Amino acid sequence: MLSFRLSLGLRRLAGAPCAAIAALDVPSRALSSWPPHYTLTMPSLSPTMEKGNLSKWTKSEGDEVAAGDVVAEIETDKASMEMDSQEEGFLAKILVPGGTSDVIVGTPIAILAEEQEDVAKLAQYAAADTGAPESSESRSEGQAASTSSSSGPAPGPKASRLGPAVLRLARQLNVDPASVSGTGPDGMVVKGDLLGSPPSASPLPSKPAPSTPAPAATDDAAADDHEDVPHTTIRRIIAKGLLDSKLGFPHQYATIDVELDPLLKFRKELKELGVVASVNDFVVKAVAVALRENPNMNSFWDESAGEARRSASVDIAVAVATDGGLITPVVYGADGKKVAEINEEVKDLAARARANKLKPHEFQGGTFTISNLGMFGIKEFSAIINPYGTQGAIMAVGGGQERTVMEEDGSLGSVTVMTCQVSLDGRAFGGQEVGAFLKTFARKLENPSSLLM
């Protein structure tokens, strides 16, 4: 996960309406009969965050909290953040223990007392006393009690109203559709409703139960046992984002082969001069220059406006794999930077991404993404557009492959070719724009000395 510090000022909000207080992503002054205290709530730390994991508390109940002290670590859909205080007080009550997953934004997580003698008085404090939203656990317990007290089982979607794709996905995720609130027509459950829903306690049947008794289990059936590997918050968000992109973005694809031999020769010459730059650094530079010369490709589709919007700057996001998931640090103004500068910046961003040291602005944004799997021996692949932010295209870069060609004199020769495929939002671009962009990109990369100017 990416680590950086979130400063939460514990300022008094006396006199403010309770609803306004709950909407703020800072601890609020509780307006109640309890001793003076502040309620720390789970903040919303990114545009896509609905839940977060409270990884651990770095302070214990009763500990004094000084300005600048780290109080807890929170794992969001984007990063792992240290939550520190800008005020002084005493941690009186921890409402959500460390290690709790899927804490809904706005849920009270702790109480901070102003005076040390008030810590004991707040020991019996409960989340319900704050007037803030209940935690997911409290809400689920309340729902369970309501269900058990009712005269019959809660109505769920009829199996006859579930499409085959929904049923198949439900079996794959081990989610009971009857426990999911549908958002489709007349409350029908659709595939998007199943994503993020908790799995059932017992495996769902792969098909309707037969009318005749099933045969006894055999050794072959036991061989189908599997292990469920829980997703991290980031990987769940990535999964949801990929689905949103494929469902909401009309992907189109365009592929071009670029001859690499001139670039490989040029890199050797630069290395002898003490200049180090990877093939990917030249790809970043070539994409940036091609976007500058073909500005319509540096655009994204604005859903609210119903039109394509052109970005003023050329900011290239470079996909980096980390233990927590894929992250895309951004090289801002890449078209105006030298290849050597891009090399240093990408190496620094990638190293800090893997060490969880990136800041939010370093991995949020960008106008175009590059994903390179050539180092894994991948010849070519299709990438999915980032659905969040201001991007309308992504380039998938494969590894160099040797191909046999016919020379002008009729003899056989060989060249090194790199296949690059662009996935683009068909609402924002047409074939003419992507064709001109790829033609410029290939020309720049096959004449690498032009990228140093």
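Predicted model: local features only at pLDDT ≥ 70, side-chain atom pairs only at ≥ 80, totals over all residues.
Biologist: What percentage of the residues of the protein chain count as buried?

Modeller: Buried means under 20% relative accessible area, exposed means over 50%, and partly exposed lies in between (1.4 Å probe, protein chains only). Of the 453 residues in the protein chain, 41% are buried.

Biologist: How many residues does the largest nonpolar core have?

Modeller: In soluble globular proteins, nonpolar side chains tend to be buried together. A nonpolar core is a set of buried Ala, Val, Leu, Ile, Met, Phe, Trp, Tyr and Cys residues joined through side-chain atoms within 4.5 Å. The largest has 52 residues, and those with the most contacts inside it include Val-283, Met-395 and Phe-437. Helix H8 (residues 279-293) gives the largest share of this core, 10 residues. Helices (H or I, at least four residues) and strands (E, at least two) are DSSP runs, numbered from the N terminus. Another core, of 17 residues, lies apart from it, with Trp-57 and Leu-91 among its members.

Biologist: Which residues is Val-283 in contact with, leaving aside neighbours within four places in sequence?

Modeller: Contact means heavy atoms within 4.5 Å. On that basis Val-283 touches Ile-370, Met-395, Val-397, Met-418, Phe-441 and Leu-445.

Biologist: How many aromatic pairs does a search of the whole structure find?

Modeller: Rings of Phe, Tyr and Trp (its six-membered ring) pair if their centres lie within 6.5 Å; planes under 30 degrees apart count as stacked, over 60 as edge-to-face and the rest as tilted. The search finds 2 pairs. Phe-266 and Phe-282 are edge-to-face, 6.2 Å centre to centre with 75 degrees between the planes. Phe-266 is in helix H7 (residues 261-272) and Phe-282 in helix H8, so the pair ties together parts 16 residues apart in sequence. Phe-368 and Phe-437 have ring centres 5.6 Å apart and planes at 50 degrees, so this pair is tilted. Phe-368 belongs to strand E18 (residues 368-372) and Phe-437 to helix H10 (residues 431-446), so the parts tied together are 69 residues apart in sequence.

Technical notes: Residues numbered from 1 in each chain as written. Heavy atoms only, no water.
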